[in-house]
Amino acid sequence: MHAVARSDLPTNSHASSFPRILVGLLLGLGGLIVAYQFGMNMHASTGLPYWDDWGYFFGTAQGVQQPLTFHSIFAKDSDHVAPFFKLLTHGLWQAIGVDFLAFRLVGWLAFAAMLAAYALVLLRDCVRSAWDAVPVAAAGLFLTGTLNNEYFYYQHMGLAQPIFFTCLFLFLHTLARGRLALATLFLLAFGSTGVFGASYALGAAGAGAVLALRQGGSWRERLDGRMLVAVGGGLLLTAAMLWMTFSGSYANHTGQPLVLPWHSGFWAFLLGAFATAAGLPVEAVGAPLSLAAGGAALALCLIPAAGLLLGRAGRENRNAALAIAGLIAGAVIVTMTTALGRAGLCGEGIANAMRCGTIPRYAYPVLLAFPAAVAGWTLLLGRRKQAGLATGTAAGLVLVAALAVGHGAGTDVFWRHWSVAGLNRMVAERDAAAERCVATHLQSIRKPDGMDSAGMDWSQPLVCPSASPRNIAPFLQAAYDLKAGFVQTILADAASRPERGTLAALLRAGQLDEASARLRLDVPPRDAGLLGGGLHGSLDRFVRLPSGSLAALGWAVDAAVPAPAAFVLLGVGDRIVATSPTGGARPDVAAVLKDGRMADSGFTLPVPPELAGQRVRLFVLGHDGGLKELTPPGGVAATP
């Protein structure tokens, strides 16, 4: 990949071999970083599904969430399961089977392909000299930082967006090379991914339209085959996809009211995403400086895009102008589109909207636009023929230095953006919490002497905050029936978790004694004692999950260990009807208790739908079998 990119760098009679060697070293360094992160990340992962992976492979229709119909060709469920990725993941499912470590490997390969395709576009189609390529390659190194790639790296699949961007970059490259049939196929591949793909298709179409209007000669000369594909194909695909997405598909599945451009939260989200990509999120430098940095980053992207479309440099380098302006326009449009539906997720107000914008998933398209913006500045300010360090190259180096300064701001060091240990620690902790949650559920729903799927009570819902915010019980049943490797590992490990056996005994043999608020057993569990004892916790509230089901939220700790409590039990009358482990992030609890070991003491306990509005009782179970009620003896009404 890097050899191809190096060999295609533009040449001029004054270029020395030194900048070529420097570009090669930068590309090689990026390749080593990705290879190292890949090896360490694969080593840390246990192979559990994560978030949308459950719906990807364990849904009822073709192994994915949405059936393939004519309408679904454009109406997405999400960019993860848009038609192109439905076909791809379904094919991989058939080839690989239920092996999420293998899918994680494929995800890493897709990420590497994305970086290779981007290098090909920028270094072959968008720079004039090897010197101009130096700052562009340096800016590309920030794409390999684990902090900014969190969304790609710690998901076990990670296929959707890397493949989406690979198709986008290859569309721009094949368009520049005049391979119109291939470019059209790549346009269809990334353009059929809902609003996400429409944003970039619209960005490329807009850039192509401006270039065509500024081109002299007849309309036939203005709208040649390349511009016809970019403009005509992009506009038609965008119109069709947007119409079908907003007609019959969930355009805003969060249920949040749209945050429109005349609301302050819209711009706070947008500038928050640009500030995060520049390395200056609100958590590091505060809201005022973060807003200013986001505004500056937005301007530094828009100026070269507009300058190339309207200036002389763009007319002389139409392919580069189309690629650079299209990428920047697409990044801005997709961030604005995301702000419409997501800026209100974190709450009302500028600070909360900015906090949503700082999520790596939303900031990453902006980071992808930065190398293109650097290439745009080198073209805009560079001279056509000049030896040594031209004005454009110098401007690009200044921008990369500013990016480096931004990424070094705050209390941490600059290299934190390439730290693998912290990311892998998060992956390991997430996997451990998900394993505990799934193991608890499997123990709790097993009927006496039940070893197969028929011997399990699959009607009980399961929500594991560390694995997915939705009810994954139906997906877990499918994985159990398919003898998925991660389920077999969890079952084999169950014997080493004594608290799970305690829970299983309680659920099989115990009955609630409403008078004493205890479970009746032949050997009763240890009482938690007074408030000064080991078990503490709180039922904070009942909420509606995105899936529509009701859940109890709260926290529970076992100070005798000390650690988050083992499990939380939901009872009605004399029955235990649902269980959940702890594992949710509660930094507030850890701060109050002054013990960082309690940071994962939160719980999300699903309430069976038929019990909505009824009085229920919650109990916390300690690691040694101790029991304490979190609700008044009479219980509380299960209402949001």
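## Aromatic pairs

Rings of Phe, Tyr and Trp (its six-membered ring) count as a pair if their centres lie within 6.5 Å. In this predicted model, a search of the whole structure gives 17 aromatic pairs.

One of them joins Phe164 and Phe196: the ring centres are 4.8 Å apart and the planes stand at 70 degrees, so this pair is edge-to-face. Phe164 belongs to helix H8 (residues 160-176) and Phe196 to helix H10 (residues 194-214), so that the pair links distant parts of the chain, 32 residues apart. Both Phe164 and Phe196 are buried.

Phe165 is in helix H8 and Tyr200 in helix H10, so the pair ties together parts that lie 35 residues apart in sequence.

Buried means under 20% relative accessible area. Phe165, with a relative accessible area of 1%, is therefore buried, and Tyr200, at 3%, is buried as well.

## The ring cluster

Ring pairs connect the residues of both pairs into a cluster made up of Tyr118, Phe164, Phe165, Phe169, Phe171, Phe190, Phe196 and Tyr200.

## The protein as a whole

The secondary structure consists of 25 helices and 11 strands. Of the 640 residues in the protein, 55% are buried.

Among contacts with a separation of 6 or more, 71% are between residues 24 or more positions apart.

How values were computed:
Residues numbered from 1 in each chain as written. Predicted model: local features only at pLDDT ≥ 70, side-chain atom pairs only at ≥ 80, totals over all residues. Heavy atoms only, no water. Helix = DSSP H or I, 4+ residues; strand = E, 2+ residues; numbered from the N terminus. Buried < 20%, exposed > 50% of the residue type's maximum accessible area, 1.4 Å probe, protein only. Contact = heavy atoms within 4.5 Å. Phe/Tyr/Trp six-rings, centres within 6.5 Å; stacked < 30°, edge-to-face > 60°.
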